[in-house]
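The entries follow the order in which I went through them.

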Amino acid sequence: MPRESKKARIARMHQEYEQLCVEIPDPKCALNFNSPFELLVATVLSAQTTDKRVNMVTPELFGEYPGPAELAAANPEHVEDIIRTIGFFRTKARNIIGLSHELCVRFGGEVPADMASLVSLPGVGRKTANVVLGNAFGVPGFPVDTHVIRVTGRLRWRSDWASPSPDPVAIEREVTACFPPEEWTDLSHRLILHGRAICHARKPDCADCPLNDTCPGAFAA
Ligand code: SF4
């Protein structure tokens, strides 16, 4: 493929995103939640495990511990028992109890709606904060997970697409610079859903991909 100008790349990104909007008209967060607190806890639990597994444990967890005050006072071993089927359950139990305590002590029992405060909580990184901002508060957020990293690389939506260790913060900065903030949350959802359904990690289904006419990584991934 001849070298693509920045202008041409951005035009292609918009064209490909329009296709993704057709493919995935109504993207939604796959984690079940009824409040910012529930989404924050569910997202912390979802690291390195599937959303489906998290959705299986959160009804019991939130049934017993409906808010930060209750979870902050929880017996860690009982929380571990409830979330035992998900990966890293001991560390995650410690983190969700710890972040609940911090919410009570520093934020009046409420989940803060800004990046700096969110990432100051135990177990909360930029990706989790962006999920909460975008899906619980309607604040533009672009979570960069493994699917977003892979799909934006194959599509050459980012300049470090060939890097073996791409920087999620740089990806967030580079991709969001090309789209209006009101699209960021849905853009991330669509890239994740496209990665799960078609642009698989091991064997992308390029033959059936609606982006295969323009994707520079088609059939080469
Ligand atoms: S054409 Fe292939 S590599 Fe490109 S986005 Fe589609 S599935 Fe992924």
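This is a predicted model: local features need pLDDT of at least 70, side-chain atom pairs count only at pLDDT 80 or more; totals for chains, interfaces and linings use all residues.

**Helix H9 and its cover**

I began with H9 and found that what covers its buried residues includes H10 and H11. My helices are DSSP runs (H or I, at least four residues, with strands being E runs of at least two), numbered from the N terminus. Buried means under 20% relative accessible area, exposed over 50%, and partly exposed in between, with a 1.4 Å probe and protein chains only. I took contact to mean heavy atoms within 4.5 Å.

Residues are numbered from 1 along each chain as its sequence is written, and side-chain values use heavy atoms, with hydrogens and water left out.

Back to H9: seven of its nine residues are buried, so the helix is largely enclosed by the rest of the structure. I listed the buried ones as His147, Val148, Arg150, Val151, Thr152, Gly153 and Arg154.

**The ligand and its shell**

Which residues are around the ligand? I noted Arg154, Leu155, His194, Ile198, Cys199, Pro204, Cys206, Cys209, Asn212, Cys215, Gly217 and Ala218, a residue being near if one of its heavy atoms lies within 4 Å. Sorted by class, this shell has eight nonpolar, three polar and one charged residues. In that scheme Ala, Val, Leu, Ile, Met, Phe, Trp, Tyr, Cys and Pro are nonpolar, Asp, Glu, Lys and Arg are charged, and the others, Gly among them, are polar.

I also checked the space taken by the ligand, and it is the largest cavity. On a 1 Å grid over the protein atoms alone, a cavity is a set of points where a 1.4 Å probe fits but cannot get out, and lining residues have an atom within 4 Å of a point. A molecule sits in one if more than half of its atoms lie within 2 Å of its grid points.

**Four cysteines from the record**

I looked up UniProt next: an unreviewed entry places the feature "binding site" at Cys199, Cys206, Cys209 and Cys215. They are spread over 17 residues of sequence yet cluster in space, with a largest C-alpha distance of 11.1 Å. The lining of the largest cavity takes in Cys199, Cys206, Cys209 and Cys215. I kept in mind that such annotations may be inferred rather than shown by experiment.

I zoomed in on two of them. Cys199 is in the segment after helix H11 (184-197) and counts as buried at 10% relative accessibility. Leaving out residues up to four places away in sequence, Cys199 touches Arg150, Val151, Arg154, His194 and Pro204. Cys209 also lies in the segment after H11, and is buried with a relative accessible area of 12%.

**Elsewhere in the chain**

I then turned to helix H2 (residues 36-45), where nine of the ten residues are buried. The buried residues of H2 pack against several helices, including H3 (51-64) and H6 (89-106).

Cys29 sits in the loop between helix H1 (6-23) and H2 and is partly exposed, at 21% relative accessibility. Apart from neighbours within four places in sequence, Cys29 contacts Leu39, Asn135 and His189.

Is Ser159 buried or exposed? Ser159 is exposed, with a relative accessible area of 59%, and I found it in the loop between H9 (146-154) and H10 (168-176).

Note on methods: On a 1 Å grid over the protein atoms alone, a cavity is a set of points where a 1.4 Å probe fits but cannot get out, and a pocket is an open set with protein on both sides within 12 Å along at least five of seven lines; lining residues have an atom within 4 Å of a point.
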